Amino acid sequence: MSLDIPWVEKYRPKSFDEIVSQSIAINRLREFLKTPNMPHMIFTGPAGTGKTSTALIIAKNFLETKDLDTNLLELNASDTVRIDFVRNVLKNFVNQNLIKNGSLKFVILDESDNIPGQVQQALRRIIEKASYNVKFILLCNYINRIIDPIISRCAVFRFVNLAKENIVERLKFIAEKEKLKIAPEISEEFFNLLFFISGGDLRKGINTLQMSVSLELLENLDLDEILKISGFLDKKTLNDLIQALKKKDFIEAREIVDTIESFDSRNFIRQLLEVLPQLKIEPEKIIEIRSYIGEIDYRISQGADENIQVSALLANILENIKS
Ligand SMILES: Nc1ncnc2c1ncn2[C@@H]1O[C@H](COP(=O)(O)OP(=O)(O)O)[C@@H](O)[C@H]1O
Ligand SMILES: [Mg+2]
């Protein structure tokens, strides 16, 4: 077992065959890469679904290892916040003479949906002027935050959330490679827990697996601690909260929430969604609450005060519990 390298790097897929779940995007890509003078690309989809891995596989497929330093530029949105960076570094890279005739250059631009609109305009001009042997691969979670003139110059590939069995399978594969000793009596529960924490994000799943090992939580079978460290309520606290909700005791429910260390409102909301069926609520009210939860999640993502939103949600649930 090795803990010195992050497992997300160690187990990053090295070929298309290792990319799981994304058969639509990958099959299209296999064909696409054969087209002469292929356009630039956008990979869009949730975190931890294989976008960066796929982009790196493509670059390494076209470039020789010794040319990777000179012909591959990996940038993050935060690098591009300064417009002069885009102007200088990117322009230089794009315009540099090529070492070898005919060899391609790749620019992988991560989090490109976080690039401010004005900088995207500058980027667009660079993309337009770039020579045919420079290929841009833009990675993003939300393609609607990328300006149309860029989208229209790219082929778009959609990455989807990984299914539970794929996540669990990959985590078990890593556990086996690392020769982890997982007691058979908790194995099932442990991998279910990792999937729950991952929320479909394999990176999160792998990181939680590695963290559980490095903190020796696995040896002590301490699944509750894994939940807590990952920003979720442990089983007992969650159960206390369910009891308080059943009693329609808002103050107590709120107090329980306040005791949570490293509170993460979005994780909390996901856990609440899971326990809704345990509460006495009419099915049609459950639907209303779910849609309200969607609204709250959106508000929080837009910067609304977490405390107020969580209180509003607890109150909304309490109102709908049958006495
Ligand atoms: N579809 C996938 N198939 C195999 N491994 C994956 C996949 N998606 C993510 N991973 C794993 O999760 C880690 C993060 O993946 P990455 O490609 O960086 O995701 P993204 O760029 O979409 O956030 C990788 O190191 C890899 O081990
Ligand atoms: Mg990525």
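**Exercise 1.** Find out which domains supply the shell around ligand 1.

*Solution.* Start with the domains: domain 1 (22-158) and domain 2 (164-229) each give at least three residues to the shell. Those bounds come from an automatic or database domain assignment. Next, list the neighbours: 18 residues surround ligand 1, and the closest include Val8, Gly48 and Lys51 (near means a heavy atom within 4 Å).

A word on the ground rules: this is a predicted model, where local features need pLDDT of at least 70, side-chain atom pairs count only at pLDDT 80 or more, and totals for chains, interfaces and linings use all residues. Residues are numbered from 1 along each chain as its sequence is written, chains are lettered from A and ligands numbered from 1 in the order in which they are written, and side-chain values use heavy atoms, with hydrogens and water left out.

**Exercise 2.** Work out which side chains make polar contacts with oxygen atoms of ligand 1, and how much of ligand 1 the protein covers.

*Solution.* Look for N or O pairs within 3.5 Å. Serine 53 has a polar side-chain atom 2.6 Å from a ligand 1 oxygen. For arginine 203 the distance is 2.9 Å, and for arginine 12 it's 3.1 Å. Now the cover: of the 550 Å² of accessible area that ligand 1 has on its own, the protein covers 98% (Shrake-Rupley method, 1.4 Å probe).

Conventions: A polar contact is a pair of N or O atoms within 3.5 Å; within protein, one must be able to donate a hydrogen and the other to accept it, and residues adjacent in sequence count only if both atoms are side-chain atoms.
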